[in-house]
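My notes follow in the order I took them.

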Amino acid sequence: MSEHIYDLIIVGAGPAGLTAGLYAGRATLDTLILEGNDVGGQVTTTSVVYNYPGVAEVDGTELMNKMQKQVADFGVEIKHAEVTKYDHLNDDVKTVIDANGQQYQARSIIISGGANPKKVGFPGEDKFRGRGVAYCSTCDGELFTGLQIFVVGGGYAAAEEADYLSRYGKHVTVLVRGDHFTCPPLIASRALDNLKVSVEYNTEVESVEGDNYLTSATLVNNKTGKKTVYHLDDGDHTFGVFIYVGTQPATQNLKGIIKLNQQGYIITDNHRQTNIPGVFAAGDIIEKELRQIVTATADGAEAATAAEKYVTEQKQRLGIPIHLEAKKPAKTVGQTSSLDNQEEVTPHSGDWLTADIVQQLQPIFARLTKKITLQVLTNETALSDQLVGFVTEFAALDEHMNVETEAAPQDVKCLPQLRLLDDTGKDTGLHYAGIPTGHELNSLVLGVYNVAGPGQTISPEMVERIEKLPAANIKIGVSLTCHFCPDVVAACQRMAALNPNITATMIELQHFPELRKAKNIMSVPATIINDDPVIFGSQTMEQLVKAVEEA
């Protein structure tokens with residue numbers, strides 16, 4: 001058990017958790033944020049945010065990145081850890097336990113784990129997830145370029161994402177269960193006024209069918225009972241069904257511990273405190289009328305303010321000194337060193353990396369201790385030339401990195417490809433097919449850090465399990481707009497860095513349609529272990545290690 005006792009632990013790094021971290025940091029509370037998935041929560045699945053005060057429109061991930069930086073600037077650390085258990089919540093010092101068994105202690109806790117997309121429940125929904133059925137437009141939208149798309153739902157998300165998906169699909173049809181959109185007219189107009197979008201009211205999906213992909217959908221009018229069957233248009237191999245019917249709270253591990261309502265949402269008072277003193281909750285996980293980014297941030301501010309008061313009173317009662325010294329800026333997730341004491345970085349004029357990105361990378365590369373070779377296996381394509389250009393610019397950022405190019409051997413598939421070689425010239429098993437830009441820049445940076453630097457910290461027990469894993473060839477199909485993909489790639493490549501019998505290859509699916517076709521992939525991240533069936537969706541290190549153990 002960790003001996004360090006935090007003032008506050010925040011579980012979840014969505015808008016509520018990040019705002020709570022911001023307020024706690026400003027109040028000089030010793031605070032730790034634990035997040036098991038991607039920082040930003042459901043907002044990062046939103047293509048464009050139109051209703052955040054002071055911002056006309058902004059990409060969801062960009063907004064969350066700004067919040068994350070604010071939190072780091074106030075000295076609050078965000079750590080990747082999936083909380084699976086709570087203990088001693090009624091004591092002065094409370095305990096949370098992550099999936100690896102590591103324990104964290106704090107005087108107060110804010111639970112802001114958010115909510116997950118709901119399923120509709122029609123036959124075929126689970127079977128064809130990743131093969132036509134999807135839940136994230138920014139992750140999977142481009143995979144449906146030129147195809148028919150259906151959007152199921154009638155609220156904010158359905159209207160906004162239908163508009164977004166129209167840039168990819170040849171046509172988008174919104175299936176609304178009721179006789180009108182439930183969101184405000186201005187939001188609904190994004191779908192209603194789009195010439196590539198049509199709306200069918202009182203319409204539900206009865207079932208979907210297909211072979212390797214979706215090939216048909218049976219729709220039913222819930223007023224007249226009339227059924228219609230959509231079949232593929234000539235020349236299409238599938239179509240998309242994107243689900244936006246609300247969310248369900250991530251409270252499965254809280255039943256019987258904290259008071260929940262019938263729908264599973266946490267019940268709080270006006271100060272966002274639960275039925276247990278010192279345990280607060282905020283965001284989409286709590287019982288309330290409106291679930292929006294702005295209400296989540298308000299919840300986080302209220303919860304952190306109440307937690308600060310609770311911790312202060314507890315320390316006064318126990319005679320514990322109250323320190324009011326502001327903490328130095330903390331590292332942000334994806335970085336591996338503190339951002340303080342940075343030297344001024346000369347603006348970068350390259351084509352691939354902006355000056356802001358270069359500045360963020362400097363403290364990471366400052367911790368590299370070994371030489372690393374970025375080997376580019378080339379072929380006679382324009383994409384190959386682009387990859388060489390990107391890698392050359394990337395490697396120029398630190399003297400520990402050098403570039404080597406060579407024509408690819410005939411037995412190598414998915415070209416062009418970047419491979420990381422260690423300081424002895426040995427292939428580490430960390431491979432990138434395509435150009436790891438966009439969100440995948442994170443996985444490349446972590447790959448370099450794990451090979452040529454101290455590496456990401458994981459528990460000794462997990463290291464031991466990874467080192468014992470059998471030989472495995474892991475492919476991770478990604479899109480550069482997918483915010484879930486880098487975590488899966490980084491986890492698989494961390495395994496490869498620790499076990500010489502494992503290779504982990506990021507594959508940018510937009511450039512390799514033959515793999516998509518062979519494995520019937522229409523959703524990312526798509527993880528393939530030794531050519532076994534595809535594992536769709538975000539996966540934790542624990543889940544991935546277990547999958548290799550059972551392969």
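I count two strands as paired if DSSP finds at least two bridges between them. Helices (H or I, at least four residues) and strands (E, at least two) are DSSP runs, numbered from the N terminus. This is a predicted model, where local features need pLDDT of at least 70 and side-chain atom pairs count only at pLDDT 80 or more, while totals for chains, interfaces and linings use all residues. Residues are numbered from 1 along each chain as its sequence is written, and side-chain values use heavy atoms, with hydrogens and water left out.

Entry 1, strand β9. I looked up its partners. β9 pairs with strand β15 (residues 240–243) in the parallel sense, over 4 bridges. Within β15, Val241 is the bridge partner of Phe150. β9 also pairs in the parallel sense with strand β10 (residues 171–175), over 5 bridges. There I found His171 of β10 as the bridge partner of Gln148. The chain gets from β9 to β10 through α4, and this β-α-β crossover is right-handed (with the strands pointing away from the viewer, the path from the first strand over the helix to the second runs clockwise).

Entry 2, burial of β9. I used these classes: buried is under 20% relative accessible area, exposed over 50%, partly exposed in between (1.4 Å probe, protein chains only). In β9 (residues 148–152), 5 of the 5 residues are buried, so the strand is largely enclosed by the rest of the structure. In a regular strand the side chains alternate between the two faces of the sheet. I noted Gln148, Phe150 and Val152 on one side of β9 and Ile149 and Val151 on the other, all buried, so that both faces are covered.

Which residues of helix α5 (residues 185–192) are buried? I listed Ile187, Ala188, Ser189 and Ala191. Their cover includes α4 (156–165) and β11 (197–200), with contact meaning heavy atoms within 4.5 Å.

I then checked β21 (residues 427–433) against β23 (residues 502–508): they pair in the parallel sense over 4 bridges. Tyr432 stands opposite Met506 in β23.

I placed Ile357 in helix α7 (residues 355–365). Its relative accessibility is 25%, so Ile357 counts as partly exposed. Its C-alpha atom is separated by 36 Å from that of Val245, 112 residues apart along the chain.
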